[in-house]
Amino acid sequence: MGIKGLTQVLGDNAPSSVREKDIKTYFGRKVAIDASMCIYQFLIAVRQDGQQLANEDGQITSHLMGMFYRTIRMVDNGLKPMYVFDGKPPQLKSGELEKRSERREEAQKELEKAKEAGDTEVVDKMSKRLVRATREHTEECKELLALMGIPFVSAPCEAEAQCAELVKCGKCYAVGTEDMDALTFGSSVLLRHLTYSEARKMPIKEFHLERVLKDMELTQDQFIDLCILLGCDYCDSIKGIGPKKAVDLIRKHKTIENVIANIDKSKYPIPEDWLYKEARELFRHPEVTDASEIELKWTEPKEKELIEYMCEQKGFNEDRIKSGIAKLKKAKGVTTQGRLDTFFKVSLSPSKKRKSDGKDAGSAKKKGKGGGYKRGK
């Protein structure tokens, strides 16, 4: 789920924090991508005749097709993607996982009813709700990435938190995920729609945490409390408090403790044994591997092994896999050019400082010159 309604909250209260960009603008950028979210997306989206892709042995291959071709699309556009896989879920998430299990049970019942009634639309809808990314899917994607020469990390806990750690420590430019809680974990930049298929023609949405905090006049701790009030994966929220009310309360009272002390509890009942303090601590200090211990290295694809894995073992079309490998090798072979912004050094000029909005106007001195996928099988 991430943070309930946060995208709309930022659109309403910090519109300058959200930008739409083309994938080509991220040339040379290292991006930490939530692999578990990607696998789930691919299992739902990569289909043929309404069904998940499978080889002749009945093995599901939607996740491999999505991971292969959409990674190539990023690499072909000059990005340097790396993936982070979920570890064990935090104990606080057990309640959310129970709710998801209950929703799956309900979806299973609805699916059976729809099959009996011959309602294909509902069958398709409920089938997607029952999709789960398994350990086998994860291990297969790790093997694929290793053969492609794309780095990946297995997080000790939440993937979004580990991605945010890599961004905060300067090893990556942004987190690529659909879950907005990467901002709550402190990532300075979040990219949505990065792993969507090219056919969907959706621009990448870029969210900037610094601008969020500035426009909403919040500290990071206050933003975390706002996200807990909106609704997160780690504890319940206060019934009756919607997005607008949550923003107003945090702006006025600054902390959840002060909100509790000042609201009408008969109108807004506080959840019993509310674990908001534990959720806050998890966002502030998540369990992650220190970024200094992680080495990100992009290598040449292992062509022979990759063809054997994808074509002989998984049943993909050999010509298309070879075409994808050629793009990987071409991208790796091209000397990485520096981004334009790395050739500029900003020197502040007091005479040009704008006092009206507190921003510094700087002068810059130039130091130098500057895949969507096709169906396999």
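The structure is a predicted model, in which local features need pLDDT of at least 70 and side-chain atom pairs count only at pLDDT 80 or more, whereas totals for chains, interfaces and linings use all residues. Residues are numbered from 1 along each chain as its sequence is written, and side-chain values use heavy atoms, with hydrogens and water left out. Cys169 is placed in the loop between α7 (159-168) and β7 (174-176), where helices (H or I, at least four residues) and strands (E, at least two) are DSSP runs numbered from the N terminus. Between Cys169 and Ser187, which are 18 residues apart in sequence, the C-alpha to C-alpha separation is 9.6 Å.

Helix α3 comprises 15 residues (62-76) and spans 21 Å from its first C-alpha to its last, close to the 21 Å expected at 1.5 Å a residue, the expected span being 1.5 Å times one less than the number of residues. Because 14 of its 15 residues are buried, α3 is largely enclosed by the rest of the structure. The helix is followed by Gly78, which has a positive phi near 95°.

Leaving aside residues up to four places away in sequence, Tyr83 has contacts with residues including Met67, Thr71, Met74 and Phe152, contact meaning heavy atoms within 4.5 Å.

Six aromatic pairs are found in a search of the whole structure, rings of Phe, Tyr and Trp (its six-membered ring) being paired if their centres lie within 6.5 Å, with planes under 30 degrees apart counted as stacked, over 60 as edge-to-face and the rest as tilted. The rings of Phe85 and Phe152 form an edge-to-face pair, because their planes stand at 85° with the centres 5.8 Å apart. This pair links distant parts of the chain, 67 residues apart, with Phe85 in strand β5 (residues 80-85) and Phe152 in strand β6 (residues 152-154). Phe85 is buried, at a relative accessible area of 0%, whereas Phe152 is partly exposed at 30% relative accessibility. Ring pairs also join Phe185, Tyr234 and Phe283 into a cluster.

Technical notes: Buried < 20%, exposed > 50% of the residue type's maximum accessible area, 1.4 Å probe, protein only.
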